Number of protein chains: 2
Amino acid sequence: MKNLEEKTLTSEKIYKGKIIDLQVDKVSLPDGGTSYREIVKHPGAVAIMAITNEQKLVLVRQYRKALEKTIYEIPAGKLDIGEEPKICAKRELQEETGYSANTWKKLVGFYTSPGFADEFIHLYEASQLTLGETSPDEDEFVERVELTWDECLDKISSGEICDAKTVHAITLWKLK
Amino acid sequence: MKNLEEKTLTSEKIYKGKIIDLQVDKVSLPDGGTSYREIVKHPGAVAIMAITNEQKLVLVRQYRKALEKTIYEIPAGKLDIGEEPKICAKRELQEETGYSANTWKKLVGFYTSPGFADEFIHLYEASQLTLGETSPDEDEFVERVELTWDECLDKISSGEICDAKTVHAITLWKLK
């Protein structure tokens, strides 16, 4: 296997934000040349494939400013500093949907956009759900929706479900 | 269904880069409050699930500076301005792996990180492959690898395959 590593020559901090930071690294390439890499730093996140006792998938409608539209997504949220992903998953499911779950299972983890960002999502399955109160963040407005498998497929076809982690969770649900 | 739209009050351009731009929008929230949204603008991309005549998946090893490691991914690349995704998919498959394909099929499309970025990936399936020469970009160093289904699963377990679009393509391959 080839050594493809790129060594950092310099690293410039461009922006330090509420959720993401941006830096631009000058790197040495495997052939001795140099280039620049634009890198978004993100604290990481969890997402939850929650299945109700009626075999429906729990989703939230959420306005995504980056897309300028409201889309359907599985519940998700970013990790607080030092927070264990499973604790975060339980917190986010309750905050966004009001559900708590008796059964939790880690499914898979993945980087969402390794070409320019270090965001890593831990995907969990939650079942045996009990509905309580929601408690979203103060700048977070979401609406809970529960969809059957066929309704999920219709919304993938129509483009209302167009989020990678959500499409992936629905595909995994199919495999069960 | 609730109206969850966030209207733009101001938009500040923070950075204009080679691959991504960054802006911070001040928005009005559904309850009348205000907040800030950090938004990464990306031109969009394609990814290709290419299956060889020996029923192996074509991947590339690539160093990802954002992750500081070399990972396995399906071939992918960003859209040139105004480029049709299918033309881009054919170009990227040839550039990164040397393969051309007789059969192309659009599988699905998704936003990779709608919480902070507008990147949209068009995922294609390519088959009936013929191997030619590679022609990577001048700052792109990749190594072609072909893996069986079982080898893909092993590398998901070991964490060497940890990229969302690649894990998704492997899951779709399983469903075929």
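Between the two chains, 68 residues of chain B are in contact with 68 residues of chain A. Bear in mind that this is a predicted model. The area buried between chain B and chain A comes to about 5,800 Å², and carbon and sulfur atoms give 66% of that area.

What about charged and polar pairs? Between chain B and chain A the count is 4 salt bridges. To have a pair to look at, take A:Lys65 and B:Asp25: they form a salt bridge, with the closest N and O atoms 3.4 Å apart. As for polar contacts, 36 residue pairs are found across the interface of chain B and chain A, with both residues at pLDDT 80 or more.

Next, the nonpolar side. Which residues have the most contacts inside the largest nonpolar core? They are A:Leu57 and B:Leu57, in a core of 46 residues. In soluble globular proteins, nonpolar side chains tend to be buried together. If you select B:Leu57 and leave out residues up to four places away in sequence, the residues it touches include B:Met49, B:Ala50, B:Ile51 and B:Ile74. Further along chain B, B:Leu57 also touches B:Val145, B:Glu146, B:Leu147, B:Cys152, B:Ile170 and B:Trp173.

Now to the inside of chain A. Chain A is divided into domain 1, residues 7-41, and domain 2, residues 45-175. The C-alpha centres of these two domains of chain A lie 30 Å apart. How many residues make the contact between them? There are 6 residues of domain 1 of chain A in contact with 6 residues of domain 2 of chain A.

The area buried between domain 1 and domain 2 of chain A is about 410 Å², with 46% given by carbon and sulfur atoms. On the domain 1 side, A:Lys18, A:Val40 and A:Lys41 supply 66% of the area buried against domain 2 of chain A, more than any other three residues.

A:Lys18 comes up again in the charged pairs: its side chain meets that of A:Asp139 in a salt bridge, 3.3 Å from N to O. Between domain 1 and domain 2 of chain A the count is 2 salt bridges. The side of domain 1 of chain A that touches domain 2 has 3 nonpolar residues, no polar ones and 3 charged.

That is what I have; comments are welcome.

Terms used. Residues numbered from 1 in each chain as written. Chains lettered and ligands numbered in written order. Predicted model: local features only at pLDDT ≥ 70, side-chain atom pairs only at ≥ 80, totals over all residues. Heavy atoms only, no water. Domains from an automatic or database assignment. Contact = heavy atoms within 4.5 Å. Buried area = accessible area lost by both parts, 1.4 Å probe. Nonpolar A, V, L, I, M, F, W, Y, C, P; charged D, E, K, R; others polar. Core = buried A, V, L, I, M, F, W, Y, C linked by side-chain atoms within 4.5 Å. Buried < 20%, exposed > 50% of the residue type's maximum accessible area, 1.4 Å probe, protein only. Polar contact = N/O pair within 3.5 Å; in protein donor to acceptor, adjacent residues only side chain to side chain.
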